[in-house]
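Colleague: I have just opened this entry and would like to learn how to read it. Could you walk me through it?

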Amino acid sequence: IFSRSVHSLTGFGNFSLPPAPIPHPSRVPFVEMADEEAQGDSPEVALAQRKEAEAKALVGEIAGNILDAQALPPLLRQLIQTATDATAQRALLQAGVLKVVLDAMKSHREQAALLAQCCEALQLGGLQYQYNEAASKEIADNDGVLTVLRVLRGYPEDRTAVTNACRCLGAIAAAKANQEVLLREGGANLLLDSIRIHNIAMRLPF
């Protein structure tokens, strides 16, 4: 208990202030400490959930228009613009984007511009396939390397198609399993020749 003596200027001597009263427990204001649950999801969790929903909707729309060569280009363009960060990439992968894009390529082998767009989409904003086992396996399970090699073999004079296909191979074949497919199918020489002929700046996958 804190008290202090005050000397009166009028000479009446010393006196002590009485101790401050202790409030009754029932009168002490209650402060509720909000935990994370009370506050709701963190901004990071909310962002991830929003991107998961957007990715699921976009991939579903692409799958629903898989045979429509007119509807696919704007959807693929949206996909390319969406895959700009790790959160979006992860959401798209969980939504099954790789299989859907490869299915689109297999369904439109005569559409060079569409194939070029698909090759760009498969790069998924610079996804490092060599560090993503699940993505690399999905490429392998759906003949991804062979599908992209068909673009190089089918449109050797189309610079956009060749450039996107080469860079796509540079990404997906960085993973060991897909690199083995590339080498086994004679894709290494085809890739090198295409890079040289079209003067493409890119990193080799081997």
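This is a predicted model: local features need pLDDT of at least 70, side-chain atom pairs count only at pLDDT 80 or more; totals for chains, interfaces and linings use all residues.

Colleague: How far does the confidence reach, and where is it under 50?

Modeller: The protein chain averages 87, and 81% of the residues score at least 70. Residues 1–13 stay under 50, with 13 contacts beyond four places in sequence. Residues 28–38 are also below 50, and that stretch has two contacts beyond near neighbours in sequence.

Colleague: Which elements make up the chain, and in what order?

Modeller: There are 11 helices and two strands. Of the 206 residues, 37% count as buried. Among contacts between residues at least 6 apart in sequence, 65% join residues at least 24 apart.

Colleague: How do helices α6 and α9 lie relative to each other, roughly parallel or roughly antiparallel?

Modeller: Look at the angle between their axes. For α6 (residues 112–122) and α9 (residues 159–172), the axes cross at roughly 25 degrees and come within 8 Å. Angles under 35 degrees count as roughly parallel, so α6 is roughly parallel to α9. The crossing of α6 past α9 is left-handed.

Colleague: Which residues meet there?

Modeller: From α6 they include A112, A116 and C119, and from α9 they include A161, A165 and C168. The residues of this contact divide into seven nonpolar, three polar and one charged.

Definitions and conventions
Residues are numbered from 1 along each chain as its sequence is written. Side-chain values use heavy atoms; hydrogens and water are left out. Axes are lines fitted to C-alpha atoms, for helices over the stretch in contact, and angles run from 0 to 180 degrees between N-to-C directions. Helices (H or I, at least four residues) and strands (E, at least two) are DSSP runs, numbered from the N terminus. Angles under 35 degrees count as roughly parallel, over 145 as roughly antiparallel, 65 to 115 as roughly perpendicular and the rest as oblique. A crossing is left-handed if the near helix is turned anticlockwise from the far one by less than a right angle, and right-handed if clockwise. Contact means heavy atoms within 4.5 Å. Ala, Val, Leu, Ile, Met, Phe, Trp, Tyr, Cys and Pro count as nonpolar, Asp, Glu, Lys and Arg as charged, and the others, Gly among them, as polar. pLDDT is the predictor's confidence in each residue, from 0 to 100. Buried means under 20% relative accessible area, exposed over 50%, partly exposed in between (1.4 Å probe, protein chains only).
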